[in-house]
Each structure stands twice: as C-alpha cells, then as structure tokens.
Amino acid sequence: MAVNLATLRSKVELALAGRVAAPFSYRDRPVIETVSTGIAEIDSLAGGLPRGALTEIFGPACSGRTTLLLSALAARTARAEACALIDGCDAFDPHSAEAAGVELKQLLWVRCRNMEQTLRATDLLLQSGGFGFIALDLGDMRADVLRHVPLESWFRFRRAVEDTPTILMVLEPESNAKTCASLVLRMEAEPTRWSTTLESHASDFFRYPPSWLFEGLGIRAELLRSRMQSSAPNNFKKPFASVGHSEVFKTNVLRSYLSIAKIAPLK
Amino acid sequence: MAFASIHVPHFMVQAVVRAEPPLCSQAVALVDGTPPIWNVVAANQAALQAGIEWGMAKSQAAQFRAVEIRNRSRVQEKSAHAALLDLGASVSPHMEDTAPDAIVLDISGLTSLFGSDENISWQLMQRAGRLGLFVQVAVSSNLEVALHAARGFSGITLIPPGEEAKCLGKLSVRALLPSLEILETLERWGVRDCAALAALPLLQLSERLGQEGVRLHELARGARIRALVLAQPGVRFEEEMALDFAVAELEPLSFLLGRLLDQLCARLEARALAACAIRTRFDLEDSFEKKFRILSENSPPQLASKTYEKVLALPIPTRNSKMLLKLLRLQLQANPPHAAILKIILSAEPASPRASQGGLFLPSCPDTEKLELTIGRLANLLGNTNVGSPELIDTHRPGDFRMARFAPVSDESKIPQKNETAAAHSPGGTLRTAFRVFRPEIEAKVELQQNYPTRIYFRGMRGNIVAASGPWRTSGDWWREDAWQQDEWEVEIRFDSVSGQSQKISSPRMQDGIYRIYYDSLRAAWFARGRYD
C-alpha cells in the first residue's frame with residue numbers, strides 16, 4: 001500500500017511539474033498585518049484592524065460605531081495614508097472628525113444617497129486601489145434595505161482588498177457580511193454619563209435651576225469573530241460564533257461652556 | 001555650419017490625412033472653391049498616377065473610383081504646420097519658418113546630442129512619423145541648397161560641402177519655384193534641370209530674364225547664400241477639426257476626440273511638455289427645437305448659445321492621451337452639449353511635466369492618474385459636489401464646510417505629528433465622542449414642561465426625553481439675509497415601542513440615544529441636528 005501511495009504521489013508530482021511547485025505541501029497562511037484603531041481597549045480586544053481584510057462593526061444607534069470609525073481614521077491619516085469614506089446616508093460631520101484628530105485633507109468623502117450609489121462607489125474605489133483605509137458607513141441605513149444586499153457583494157469587496165494593504169471597514173446597524181468579514185465587533189451602548197457639575201455654579205452665575213451636562217458615552221465592544229493569526233503557527237484560532245470577549249471604554253464630549261452663555265428660559 | 005531642411009510633400013493632402021490615418025495608403029485628392037464649383041487643388045502621388053489633374057472639376061474627379069475626394073481644410077493645415085514647428089523645436093532651438101510646408105533648422109553643434117547628420121535626419125523622419133507627417137529631409141552647409149534639395153528629392157539627402165552644384169544638377173527647375181512666365185521660357189529653351197540652368201552664361205541670362213534669372217542661376221549652382229531668419233514659434237497647442245456632418249452621439253465624438261488628443265499629446269511630447277488643463281470648445285449646429293431657451297414666463301426668450309466650452313483641469317500635468325480621453329468622456333456625460341457638433345477645437349495649457357521620486361518607506365498612495373479617473377467616475381455617478389475632501393470654513397455657523405479637491409500628501413512629515421493612539425483623544429486623554437449629522441436636518445415637534453423639553457416627535461417616532469442639557473444659544477451673521485439664531489439642547493431620548501406604527505426604521509428601540517436638537521428662533525420651529533454615536 002505504501003509503495004502504491006509513493007508511486008501515485010510521484011506520478012502526480014511529475015504530471016504537475018512546471019505548473020505547481022510543491023503540490024503536496026501546505027501553503028503557509030500569510031500573517032495578517034494589523035494596525036491600531038486609536039482606542040487602546042479595542043486594540044487589546046481585537047489586536048487591531050487587519051490589512052487586506054473586511055472588518056465589520058455593527059450595533060444600534062449611539063453605540064460608539066462612529067467614534068471607533070473616526071478614531072481609526074485619525075490614526076491612519078496621522079500616518080499620511082490616503083483614506084476614503086463612502087457615506088451611505090450623508091451623515092458624516094467634518095467638525096466632529098476634525099475634533100477627533102482626523103486630517104481632513106487625507107480623506108476622500110463620497111456622499112451617497114441610496115444603496116445602489118453606495119455599492120457602485122465602493123466598487124470604484126476598491127478597483128482604484130492605493131488607499132490605506134476605506135470605510136463604508138451604512139450606520140443609518142434601514143436594516144431591511146441592508147438585508148437585500150446580495151452576499152456576493154460582500155464577497156466581492158473582501159476579494160478586492162485581499163493581498164492589498166487596504167483596510168476595509170463597514171459600519172452597519174446589523175451584521176450582514178457574515179463569513180466575508182475577518183473581524184466582527186458588536187457595539188453596545190452603556191449607560192450615558194451625565195453630570196450636574198455646574199449645579200453649584202448655576203445659582204451664582206446664571207441664577208437658574210441646575211441643568212444636566214452631557215459628559216460622554218459608555219461603549220461596550222464585543223469581539224464576535226477574528227480570523228487573524230499571529231506569527232507563531234500554534235496560535236492560529238478557528239473562527240467560531242463568538243469569541244466572547246468584550247471591553248468597555250468611555251468617550252468625552254468637549255464643549256466650551258464658558259464661551260456659550262446660558263439663556264433665559266423659553267417662553 | 002550645417003542646415004537641415006524639412007519639407008512636407010503634398011502638404012495640403014497630408015494635413016487632411018493626418019486627421020484620417022486610414023487614408024495614408026490611399027489615393028487622395030482635395031477639392032476647393034465656391035459651391036457649386038469645386039476643383040481639384042491638391043492630390044497625392046497615388047492620385048496623380050491614377051489620372052487626377054490639378055484644376056479638374058469635382059464631378060470629373062469623382063469618376064475615379066479608386067481616389068478618395070476630400071475638401072481642403074485650412075484648419076487642418078494650420079494644425080499640421082504647428083506640428084511641423086514642434087518637430088523642429090524638438091531638435092534645434094534655431095529654426096526658420098520658411099513656408100507652411102517647409103522649415104529649416106540650424107543643426108550645427110548637435111553632433112554630441114544626436115550623432116552624425118544622417119542620424120539627425122533619421123531622427124527627424126521618425127519624429128515626424130509620430131506626429132502624423134511624412135517628410136523629406138536634406139542637409140547642406142548652404143541654407144538655400146538644403147531647402148530646394150528637400151523640396152526636390154525624396155527621403156534623406158546629404159550634400160557634402162563643395163558638391164552643391166553637382167548634387168543639385170538633377171533637380172528639376174520647378175523645385176526652385178520660378179515664376180510661371182520664366183518657367184515657360186526655360187521649358188521652351190529646353191532647360192529642365194538645374195545642371196542645364198547652371199550651364200547657361202550669366203550675362204546673357206540676366207539680359208533675357210533679369211534679376212530673377214540671376215537669382216535662379218545662383219540657386220542652380222548652389223552659390224546663393226543667405227542667413228537663417230529665426231522664428232519664435234508660440235507655444236500654442238491647439239488642434240481643430242471641422243466636421244462634414246454634425247455629430248450628436250458620444251461614441252463617434254469620442255473617436256474624433258481621441259485622434260485630436262493623440263496629436264496634441266505627440267506635439268507636447270516633442271516639446272518635452274505636458275498638459276495641465278484641456279479646453280474643449282464645440283461649435284454647435286442650429287437646432288430649431290433648442291433655438292430658444294425660455295428661462296421663465298416673464299423673461300424674454302433667449303437664443304441658445306452656439307458654442308460649448310468646458311475646461312478640464314488636471315491635478316498634475318500629463319500627456320497620457322487615453323486618460324485624457326476618459327476624463328473628457330466623463331465630463332461630456334455629466335454635461336452634454338445641447339446640440340449636435342459641427343467643429344471641435346481642443347487646446348492644451350502646457351506645463352512642465354511632474355518629476356517625483358517615491359520613497360521606499362512612504363505609505364502607499366493612489367496612483368494620481370488612476371485617482372483622477374476614479375474621482376471623475378464618482379463625480380459622474382454622484383455629482384461634483386458630493387466627492388472631495390471636506391474643508392472647514394472659518395465661521396461659527398454650525399456645521400459649515402465646503403468640498404475641496406482631494407489631494408492627499410504621502411509624506412508623513414507634512415502632517416502635524418500625533419501618535420496613533422493619541423490622535424483621537426482630547427487633550428484630557430479620553431476619547432472624543434463622534435457626532436452624526438442628519439442631512440437635511442429633521443423638523444421635530446417638542447413638548448415643553450417648565451421650559452424644558454420632555455417629549456419629542458420626529459421621523460415617525462415618539463419618545464420621552466429622559467435627560468436634557470441646555471439651552472445653549474448660538475447666533476450670527478445678523479447683518480446678512482441668512483442670519484441664524486438657535487438654542488441647542490443635548491437630549492437623551494427613549495422612543496416609544498408602539499405596535500402598528502409605520503415602521504420607517506427597523507426598531508424604535510435601536511434609535512434610543514443622545515441627540516442634539518435645537519429651536520430656531522427665526523423660523524420658530526424645532527429641528528433635530530443629529531446624534532452622538
């Protein structure tokens with residue numbers, strides 16, 4: 001039996017000689033390079049954003065998806081990488097982005113009105129190549145519209161960035177990319193942080209009842225899938241339903257309260 | 001001292017053939033005149049051999065089925081002459097613009113650059129071929145000898161010093177361009193070539209033919225000397241094409257634009273220049289339906305413009321004709337002309353080509369030409385105002401910005417240094433909350449209790465406001481018509497889960513969160529500006 005197998009193997013190798021270098025050797029899975037998201041908690045949870053792969057970030061409104069997006073954009077543009085944002089609902093706020101540290105000159109903003117325009121624009125940008133980071137913001141799209149996006153579109157997007165240094169990130173209200181995503185994070189809102197720190201001052205300066213002051217969001221990120229492997233082969237992890245790890249972090253809203261005067265009660 | 005003369009034989013025919021390359025291997029005759037009287041004014045060698053004669057009527061010439069009849073085009077002749085000047089300038093800065101079909105170059109000192117005179121002549125022929133011209137070249141130490149030798153002999157003619165008379169001996173006297181009267185006289189005498197003319201006694205010739213005869217005698221002996229009259233050709237790169245029939249479709253128009261762009265780019269390359277902008281101008285046909293463009297009921301009817309003009313600005317100078325054609329097509333698809341096209345004029349603004357050297361450790365950047373094409377396609381799909389880099393405007397008006405051209409830098413040293421993790425953090429060290437904008441802003445209905453918002457209705461959803469921060473008044477531009485005055489609130493909303501409500505969104509619960517709403521004092525209405533995410 002062993003002699004027959006050896007003969008068979010040599011026959012196959014002879015037949016494929018010149019076309020396939022080593023047909024019976026396993027191809028080494030390439031090590032995926034990851035980069036920082038700009039948020040230390042997410043970096044320790046997911047290992048960073050993978051290059052040449054699709055990353056899916058989903059969650060309800062006000063769950064911190066856009067905060068993660070702007071943080072990643074800030075990190076990439078700080079390294080002089082050309083970035084692109086395909087804005088499915090024209091919801092991007094340049095002021096908020098600039099305050100978050102995004103270098104706007106490095107960002108190509110593509111403002112779409114509907115799903116068809118969004119998918120077509122994504123195809124054009126992925127084919128063009130050369131971008132370090134491409135984000136597809138579908139955060140405000142209706143979930144029923146997103147469910148009608150064929151799976152082949154997600155597969156096509158993944159294939160377009162494979163073996164390239166481009167990071168492709170998708171923001172959605174629900175997960176739709178399925179197995180096409182190499183990294184999937186679910187975002188949830190933690191209780192919002194309010195304070196009444198101006199209470200003691202309000203009576204002195206404004207002589208009105210104290211009011212709430214919005215301090216920031218609490219965000220929980222859960223790692224659902226990660227296909228990245230480290231350089232050591234025995235650290236390879238098979239993808240499964242949920243890795244089960246999560247991290248919580250907080251955001252801050254900066255407002256210059258001293259420069260905006262509080263007004264008289266509305267009549 | 002050495003001079004090279006470049007002559008374009010059958011210049012008028014070559015000018016037309018340059019715009020229609022498939023005709024170069026065919027017999028072609030050109031007609032001109034005032035309709036309905038058209039006569040043959042030029043023909044190439046193949047047409048002459050087929051039996052075409054100058055002055056023949058168009059109807060007669062049309063009987064020669066193997067001969068293609070075209071109208072003479074002065075526009076194409078101008079372009080061909082400009083191409084000839086570019087050819088000369090690509091080799092030598094000292095050039096004489098002798099005639100529409102001939103130029104003379106001073107090629108002394110070019111040996112170290114191009115090699116021998118023969119090499120220079122071959123270079124000139126090859127470069128002329130790239131510009132769509134077939135030329136004859138002659139090199140001599142005497143300017144007039146080179147000029148007439150190029151006119152009379154095909155291919156490359158090299159005349160060593162001292163042998164001018166011998167080489168010109170076989171040249172026909174017609175090549176010396178005598179007047180018709182003198183030519184008839186010489187033919188009656190049996191003088192047909194320069195050798196015979198040079199053999200005539202000078203004194204008797206001057207008595208019979210005057211100073212013109214003396215001049216011709218000197219030319220025939222190769223003894224006439226004159227200096228080069230330097231030309232300063234303007235750097236105007238323009239190609240025109242007048243169409244026999246109006247073109248209204250993009251596909252045939254693209255074909256014509258492609259040819260003109262190829263010629264334009266070849267001329268730019270001859271001068272070591274590139275185009276930083278392409279101006280397109282079309283002369284349009286009068287169309288009865290579109291003759292009047294009524295703007296409103298009260299305004300008088302206006303005649304539609306008879307020309308179409310657009311400028312294609314390029315981020316970096318280029319002479320890639322295929323890329324330019326794609327960009328022009330995208331521009332025409334987005335802004336088509338309102339009538340069929342009768343004449344095309346393309347002009348390029350010249351600039352020095354960009355010289356850049358990439359670094360090994362620089363981050364990858366999109367290829368500039370590919371990026372320009374992609375942005376053109378995106379603009380075609382979404383509109384020019386929806387593609388670009390956002391640029392904040394220095395104003396207090398909330399959310400004001402403009403869209404600028406996307407021009408990323410690939411050099412990290414040109415970006416203010418921040419480390420990756422600190423990039424998104426506020427000076428205090430915590431992560432900055434992002435904001436998402438509603439465009440356009442959404443009108444809302446707000447219930448107040450003791451001047452604080454407690455209930456809100458917008459986007460088909462109702463909800464309770466469980467916490468509110470504000471109001472924060474901002475106002476500005478009071479001296480303008482678009483003044484603004486807004487009282488902003490940051491509110492936490494819990495939407496009602498009501499069954500049977502029209503579901504414009506997946507679930508109201510998915511929309512709970514922190515929103516920014518404002519009361520517009522001037523419009524006396526509430527609006528939702530966006531939400532934090």
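Where in chain B is the place of L177(B)? L177(B) sits in the loop between α8 (164-168) and α9 (180-189) of chain B. Before going further, please keep in mind that this is a predicted model. I picked L177(B) for its backbone: phi is near 55°, a positive value in a residue other than glycine. Most residues other than glycine have a negative phi, and most peptide bonds are trans. L177(B) counts as partly exposed because it has 13 C-beta neighbours inside 10 Å, and the partly exposed class lies between the exposed limit of 12 or fewer and the buried limit of 20 or more.

There is another case of this kind in chain B. N451(B) is not a glycine either, and has a positive phi of about 65°. This residue lies in the loop between β18 and β19 (452-458) of chain B. Is N451(B) buried or exposed? N451(B) has 12 C-beta neighbours inside 10 Å, so it counts as exposed.

While we are on the backbone, two peptide bonds deserve a mention. R439(B) and P440(B) are joined by a cis peptide bond, with omega about -10°. P440(B) belongs to strand β18 of chain B. The bond from G470(B) to P471(B) is also cis, and here omega is near -5°. P471(B) is placed in strand β20 of chain B.

That brings me to the strands around β20(B). β19(B) and β20(B) form an antiparallel pair with four bridges. Within that pair, I456(B) stands opposite G463(B) in β20(B). The two strands make a hairpin with two residues between them, and R459(B) in this hairpin takes a positive phi near 55°. β20(B) also pairs with β21(B), again in the antiparallel sense, and this time over 11 bridges. There, G476(B) is opposite W484(B) in β21(B).

Now the overall layout of chain B. Chain B is divided into domain 1 (3-221), domain 2 (240-288 + 302-351) and domain 3 (435-532). How many Å separate the centres of domain 1 and domain 3 of chain B? Taken over C-alpha atoms, the separation is 82 Å.

L203(B) counts as exposed, because it has 8 C-beta neighbours inside 10 Å. L203(B) and G213(B) are 10 residues apart in sequence, and their C-alpha atoms are 9.9 Å apart in space.

Next, the contact between the chains. On the chain B side, 69 residues are in contact with 78 residues of chain A. The elements of chain B that give two or more residues to this side include α14 (368-382), β15 (387-392), β18 (435-449) and β21 (484-495). Which element gives the most? β20(B) does, with eight residues. By class, the side of chain B that touches chain A has 31 nonpolar, 20 polar and 18 charged residues.

The chains also pair strand to strand. Strand β5 (residues 107-111) of chain A runs antiparallel to β15(B), and two bridges join them. V110(A) is the residue opposite V387(B) in β15(B).

A few words on chain A itself. Chain A has eight helices and 10 strands. Of its 267 residues, 43% are buried. Among contacts in chain A with a separation of 6 or more, 76% are between residues 24 or more positions apart.

Last, confidence. The model scores ipTM 0.79 and pTM 0.72. For chain A the mean pLDDT is 80, and 78% of the residues reach 70 or more. Residues 229-242 of chain A have a pLDDT below 50, and this stretch has 11 contacts in the model beyond near neighbours in sequence. The pLDDT is also below 50 over residues 255-267 of chain A, with 14 contacts beyond near neighbours in sequence. For chain B the mean pLDDT is 85, and 88% of residues reach 70 or more. Residues 500-506 of chain B stay under 50, and the model has 10 contacts for them beyond four places in sequence. Where pLDDT is low, the predicted coordinates should not be read in detail.

Note on methods
Residues numbered from 1 in each chain as written. Chains lettered and ligands numbered in written order. Predicted model: local features only at pLDDT ≥ 70, side-chain atom pairs only at ≥ 80, totals over all residues. Domains from an automatic or database assignment. Contact = placed C-beta atoms within 7 Å. Nonpolar A, V, L, I, M, F, W, Y, C, P; charged D, E, K, R; others polar. Pairing = 2+ DSSP bridges. pLDDT = per-residue confidence, 0-100.
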